[in-house]
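Subject: Structure for your review

Hello,

Please find the structure below. My notes on it follow.

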Amino acid sequence: MNLIRSVLFAIVLLIVTPPVALFAFLTFPLKPHTRYRLITVWTDVVMWFVRYLLGIRYKVLGKENLPARPSVILCKHQSAWETMALQHIFPPLAFVLKRELLKVPFFGWGLSQLPVISIDRAAGIDALAQVEEQGRHRLEQGFWVVVFPEGTRIAVGAKKRYKVGGAYLASKTGAPVVPVAHNAGEFWPRNAFVKRPGEIVVSIGPAIETAGVAPEEINKRAQAWIEAEMHSLF
């Protein structure tokens with residue numbers, strides 16, 4: 001049954017994504033927040049099928065921890081699920097992502113019209129400057145910035161070194177850091193075609209104030225909370 005559901009879900013994506021991507025590309029004359037509202041209708045549609053076709057639900061803990069102003073979200077990355085769900089849970093978002101994604105047919109074309117922060121991951125130290133420059137602009141526009149500090153999807157129970165980009169942006173702008181843990185990989189495994197029904201738990205930690213705090217210390221505090229919370233979710 002899970003295989004059949006997953007096949008049907010893949011068909012839904014093939015049907016829904018191309019026309020929405022073409023529509024998204026045509027929104028380029030509009031203001032960023034207007035484009036965001038229109039394009040993320042795709043997310044609303046897909047998340048409906050995630051819930052009622054795949055049987056994957058979610059609940060959120062710690063909503064009271066959300067600051068009143070745009071912040072930098074440092075989030076665990078286990079699957080494609082959180083890239084969609086975070087758009088439902090948080091105010092309008094700007095994801096930090098690798099520039100190559102914008103070249104993917106249809107999906108990348110639509111993505112390019114969202115307020116993303118695209119970086120050249122091969123740029124080394126210059127990538128930090130890209131994150132700061134574009135991230136500062138998005139925060140000033142009123143978008144929250146999402147960074148997956150491990151840089152890629154991580155299998156359940158695994159972890160990688162937390163890169164400092166998100167903490168660097170927060171330190172330079174004074175924006176709070178919001179740490180986020182979740183167990184999406186338990187139901188939507190990394191790089192897996194077949195998904196399993198169940199309830200994902202998303203846990204939002206206390207905001208970390210960053211004014212006058214070194215990026216390395218911000219990163220350390222966020223990592224400590226996220227990894228400790230991950231143990232409680234599994």
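Strand β6 (residues 177-182) is mostly covered in this predicted model, with 6 of its 6 residues buried. From β6, Val177, Pro179 and Ala181 point one way, while Val178, Val180 and His182 point the other way.

β6 has two strand partners to note. Strand β2 (residues 72-75) runs parallel to β6 and is joined to it by 4 bridges; within that pairing, Cys75 has Val180 as its bridge partner. Strand β7 (residues 198-204) pairs with β6 in the antiparallel sense over 3 bridges, and there His182 stands opposite Val202.

Next, the core. The largest nonpolar core has 64 residues, and the members that touch the most others are Val50, Val72, Ile73, Trp81, Phe90 and Leu93. Leaving aside residues up to four places away in sequence, Trp81 touches Met47, Val50, Ile56, Tyr58, Ala184, Trp188, Ile200 and Val202.

Finally, a helix pair. The axes of α1 (residues 2-25) and α3 (residues 41-52) come within 11 Å and cross at roughly 170°. Angles over 145 degrees count as roughly antiparallel, and α1 and α3 are therefore roughly antiparallel to each other. On the α1 side the contact involves Phe9, Val12, Leu13, Val16, Thr17 and Val20, which meet Trp42, Val45, Val46, Phe49 and Val50 in α3. The residues of this contact divide into 10 nonpolar, 1 polar and no charged.

Regards

Terms used
Residues are numbered from 1 along each chain as its sequence is written. This is a predicted model: local features need pLDDT of at least 70, side-chain atom pairs count only at pLDDT 80 or more; totals for chains, interfaces and linings use all residues. Side-chain values use heavy atoms; hydrogens and water are left out. Axes are lines fitted to C-alpha atoms, for helices over the stretch in contact, and angles run from 0 to 180 degrees between N-to-C directions. Angles under 35 degrees count as roughly parallel, over 145 as roughly antiparallel, 65 to 115 as roughly perpendicular and the rest as oblique. Contact means heavy atoms within 4.5 Å. Ala, Val, Leu, Ile, Met, Phe, Trp, Tyr, Cys and Pro count as nonpolar, Asp, Glu, Lys and Arg as charged, and the others, Gly among them, as polar. A nonpolar core is a set of buried Ala, Val, Leu, Ile, Met, Phe, Trp, Tyr and Cys residues joined through side-chain atoms within 4.5 Å. Buried means under 20% relative accessible area, exposed over 50%, partly exposed in between (1.4 Å probe, protein chains only). Two strands pair if DSSP finds at least two bridges between them.
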